[in-house]
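Take a moment with the sequence and the 3D view before reading on.

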Amino acid sequence: MNTISTANQLAEQGNIQKAKIIFDQLFSSTRDLDALYGLAFCSYREEKFDIALSQLNEILDVDPRNVEAFNLAGIIAAKTGNMEDAKALFIAAIENDQTFIEAQRNYGEVLLETDDFENGVNVFQVIIKNHPEDVTALVRMADLYLEVNRHEDAIILLERTLAIDPGNMSAKSLLNRIQE
């Protein structure tokens with residue numbers, strides 16, 4: 001396993017301090033943008049959003065098409081209540097890589113959060129059309145159907161989710177909610 005992979009794994013497991021040490025050493029010696037992204041992710045996990053945004057901007061200065069940097073910056077903007085910036089950042093990520101589903105999902109969530117329900121639902125419908133096995137989008141769309149009492153549509157998506165991922169607890173929970 002390479003150094004970046006080790007540090008990423010540590011960060012995902014919540015061992016932020018060890019991950020930061022590895023990312024920092026790697027970035028200091030190589031100026032590797034993946035290491036800088038790792039540092040930004042660690043700063044985000046520590047809720048040091050200003051530091052994370054500074055690191056992400058440094059990445060975007062060197063690589064203005066870095067979809068992961070746009071996406072994480074969008075997540076930070078949304079988390080800090082700056083929804084217009086979040087929308088713009090997710091759109092930038094999507095425009096740079098239309099296959100980057102995470103940015104599409106995040107954009108849909110921000111639209112829903114800002115009460116732009118029609119466009120938010122449309123985003124999730126497009127994701128499902130283009131990626132019919134995206135269980136995250138399927139479950140989210142099923143949940144949206146439940147909110148408007150479209151139980152039959154929700155059941156179809158939840159059963160589809162469970163056919164793809166039989167252990168999906170979110171789908172099982174929503175199905176149980178419908179059956180109660």
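The report below starts with the helix and then turns to the loops.

Please keep in mind that this is a predicted model. Helix α11 spans residues 169-179, and its buried residues are Ala171, Leu174, Leu175 and Ile178. These residues sit on the same side of α11, because they cover an arc of only 100 degrees around the axis. What do the buried residues of α11 pack against? Their partners are two helices, α9 (135-147) and α10 (151-164).

The start of α11 is worth a look as well. There, Asn168 brings a side-chain oxygen to within 3.1 Å of the backbone nitrogen of Ser170.

Now for the loops. Most residues other than glycine have a negative phi. Asp115 is not a glycine, yet its phi is positive, at about 65 degrees. You can find Asp115 in the loop between α7 (101-113) and α8 (117-130). Asn149 is not a glycine either, and it too has a positive phi, of about 60 degrees. This residue belongs to the loop between α9 and α10, the two helices against which the buried residues of α11 pack.

Methods:
Residues are numbered from 1 along each chain as its sequence is written. This is a predicted model: local features need pLDDT of at least 70, side-chain atom pairs count only at pLDDT 80 or more; totals for chains, interfaces and linings use all residues. Side-chain values use heavy atoms; hydrogens and water are left out. Buried means under 20% relative accessible area, exposed over 50%, partly exposed in between (1.4 Å probe, protein chains only). Helices (H or I, at least four residues) and strands (E, at least two) are DSSP runs, numbered from the N terminus. The arc is that of the directions from the helix axis to the C-beta atoms. Contact means heavy atoms within 4.5 Å. A polar contact is a pair of N or O atoms within 3.5 Å; within protein, one must be able to donate a hydrogen and the other to accept it, and residues adjacent in sequence count only if both atoms are side-chain atoms.
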